[in-house]
Amino acid sequence: MSSPIRITLLGINTPHQPDFLIDRPQGEGCFVLMCFATPFFTRTATGIENGEPGDCLLHDPLFPQYHGTLAGQKEGFRNDWIHMEGAGVRELAGQYKLPLNSLIRTGEKHLLSANFRAIEAELSLRRPFWEDKINILLQDAMCTIGRQQKLVIEMEQYTPAEREFKKRFIEVRAEIHERFAEDWTVQRMANLVNLSAERFSVLYQTFFRTSPKEDLIVKRLEEAKIRLINSSDSIERISMECGMNSIYYFSRLFKNRVGCPPGYYRNRSH
């Protein structure tokens, strides 16, 4: 991000009365980022829309703001919000493909609360490099929204059955990566979610755009590279510790994938 951003005001989980209405026809005069914890209605670039908990909005300085509590709600809307100035806001929105003045679905109603609390602390304490830290936190917030938006869009493309499996597959993949040195077969992986090897492979490819075998190979090679440059262990021992019991297989695979033998990779890195 080349342009710094200045924070003028922020609020965290701000409560409102049910009849309270934000109505600023000329806009706020600055960028406004909001993440809602409750249902609400709002004006967007396409008209009046109803929003859900977890929806975010990024208004440009001149967009006419209009939002409030949905009819029938006993409590007023709550949201995290921040007012920002600077060209860096538009840069970040473009970088993370965040549409201005449009609902951004995330499904996480407190998605930005931690970022905003950290920004609030920086504004209050003003420790060394506090302005730089705020810009880093804002970039992280925008990145978080962009990533969550893509995940929601991706989830909508799955069948209902696939959606049920997605969370469990993420957990299984993390477990396999943590225990990458063990003797994993596809069927053993599939047993973790009570599926056949064939069905597991199809879903794994759908969720992670790679096969379970290929994913494990990549993980093992990355761990091998770390060990080669950060330890004096023998190549044979590193091969074993990374789940490849044959040093000949390991050396051939490493050369094919990395472009050089393990020994050369180690010497080049020192």
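Guide: In this predicted model, Asp 60 sits in the loop that runs between strand S6 (56–59) and strand S7 (65–68). Asp 60 is buried but forms no salt bridge. The nearest side chain of opposite charge belongs to Arg 90, at 5.3 Å, and a salt bridge needs a side-chain nitrogen within 4 Å of a carboxyl oxygen. The side chain of Asp 60 does have polar partners. One of its polar atoms lies 2.9 Å from the backbone nitrogen of Phe 63, and a polar contact of 2.9 Å links the side chain of Asp 60 to that of Asn 101. Leaving aside residues up to four places away in sequence, Asp 60 touches Cys 30, Phe 31, Arg 90, Leu 100 and Asn 101. Arg 90 is thus among the residues that Asp 60 touches, although no salt bridge is formed by Asp 60.

Next, the cysteines. The structure holds 0 disulfides. Cys 35 is in none, and the nearest cysteine sulfur, that of Cys 56, is 3.2 Å away; the cut-off for a disulfide is 2.5 Å. Cys 35 counts as buried because its relative accessibility is 0%. For Cys 143, the closest cysteine sulfur is again that of Cys 56, but at 13 Å, which is too far for a bond. Cys 143 is partly exposed, since its relative accessible area is 28%.

In soluble globular proteins, nonpolar side chains tend to be buried together. The largest nonpolar core here has 30 residues, and Phe 169 and Phe 200 touch the most other members. Two or more residues come from each of helix H4 (160–178), helix H5 (186–191), helix H6 (197–208), helix H7 (212–230) and helix H9 (247–258). H6 contributes the most, with 6 residues. Phe 200, again not counting residues up to four places away in sequence, touches Phe 169, Val 172, Val 186, Met 189, Ala 190, Val 193, Leu 195 and Pro 212. Another core, of 27 residues, lies apart from the largest one, and its members include Cys 56, Ala 93, Phe 116 and Leu 138.

Ala 118 belongs to helix H2 (residues 113–125). Ala 118 is partly exposed because its relative accessible area is 26%.

Notes: Residues are numbered from 1 along each chain as its sequence is written. This is a predicted model: local features need pLDDT of at least 70, side-chain atom pairs count only at pLDDT 80 or more; totals for chains, interfaces and linings use all residues. Side-chain values use heavy atoms; hydrogens and water are left out. Helices (H or I, at least four residues) and strands (E, at least two) are DSSP runs, numbered from the N terminus. Buried means under 20% relative accessible area, exposed over 50%, partly exposed in between (1.4 Å probe, protein chains only). Lys and Arg count as positive and Asp and Glu as negative; His and the chain ends are not counted. A polar contact is a pair of N or O atoms within 3.5 Å; within protein, one must be able to donate a hydrogen and the other to accept it, and residues adjacent in sequence count only if both atoms are side-chain atoms. Contact means heavy atoms within 4.5 Å. A nonpolar core is a set of buried Ala, Val, Leu, Ile, Met, Phe, Trp, Tyr and Cys residues joined through side-chain atoms within 4.5 Å.
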